[in-house]
Amino acid sequence: MVLVYVDDIIITGNSSSFLITELNTKFALKQLGKLDYFLGIEVTHLSNGSLLLSQTKYICDLLAKANMASANGMPTPMVSSNKLSKFGSTAVPDPTHFRSIVGALQYATLTRPEISYSVNKVCQFLSNPLEEHWKVVKRILRYLSGTLHHGLLIQAASSNQPLPLIGFYDADWASDSDDRRSTSGACVFLGHNIISWWSRKQTLVARSSAEA
């Protein structure tokens, strides 16, 4: 398997050495050895053969950008009873800064699936962010501050057991106080490893008069 992003390449498989040799006959390659860092994602090789994918440095840089490098940690990224609205509190003084921080949080969900729901919620207010929304963003950042070294664990599958594909799905059922739409979320596991996850707001589909 070959993963290519511009001029960065990850190669894995039983015949990776042969592939590297063949590629090197066509392109100038620089062999950096065992994977430990890729596009802001840190790779830790554990003694049992598992891999831990984390974004500790990326999150530290994000906390510094938000002036929260020394913020105290929080046990959860969001209060479940918190119902956000596009009305209420005053607008944030710097909407561009708000959007920049929230955009950076979206990239952090690559190794932190547990913040996907809360990040999706604040993404719904990028057009007109309020102080109440910024408070939620700061709580997400405080949660990350207290869990800097958490990440995504990738474990090897057993060769003599079936590899189940299992999905989970849930929704908060019309919890949006402004438009009564739902935010749903799902995750998919292949064996012990989570391989896909998402959280998104319900979209409205326009229907023609004939269909109605």
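Reader: Is valine 6 buried or exposed?

Author: Valine 6 is exposed, with a relative accessible area of 71%. Buried means under 20% relative accessible area, exposed over 50%, and partly exposed in between, with a 1.4 Å probe and protein chains only. One note on the source: this is a predicted model, where local features need pLDDT of at least 70, side-chain atom pairs count only at pLDDT 80 or more, and totals for chains, interfaces and linings use all residues. Residues are numbered from 1 along each chain as its sequence is written, and side-chain values use heavy atoms, with hydrogens and water left out.

Reader: Where is valine 6?

Author: In the loop between β1 and β2. Strands (E, at least two residues) and helices (H or I, at least four) are DSSP runs, numbered from the N terminus.

Reader: What is the phi of valine 6?

Author: Positive, about 55°, although valine 6 is not a glycine. Most residues other than glycine have a negative phi.

Reader: How do β1 and β2 pair?

Author: They are antiparallel, over four bridges. Two strands pair if DSSP finds at least two bridges between them. Valine 2 has isoleucine 11 of β2 as its bridge partner. The hairpin has two residues between the strands.

Reader: What about arginine 180, buried or exposed?

Author: Arginine 180 is exposed, at 53% relative accessible area. The residue sits in the loop between β7 and β8.

Reader: New topic. What volume does the largest pocket have?

Author: About 1,600 Å³. A pocket is an open set of points on a 1 Å grid over the protein atoms alone, where a 1.4 Å probe fits, with protein on both sides within 12 Å along at least five of seven lines. The volume is the space filled by probe spheres set on the points, which are joined across faces, edges and corners.

Reader: Which residues are closest to its centre?

Author: Leu3, Ile9, Ile10, Ile11 and Leu35, out of 46 lining residues. Lining residues have an atom within 4 Å of a point.

Reader: How does that lining divide by class?

Author: It has 30 nonpolar, eleven polar and five charged residues. Ala, Val, Leu, Ile, Met, Phe, Trp, Tyr, Cys and Pro count as nonpolar, Asp, Glu, Lys and Arg as charged, and the others, Gly among them, as polar.

Reader: And the second largest pocket, what volume?

Author: About 300 Å³. Of its 19 lining residues, those closest to the centre include Tyr117 and Lys121.

Reader: Which element gives the largest share of that lining?

Author: β8, with four residues.
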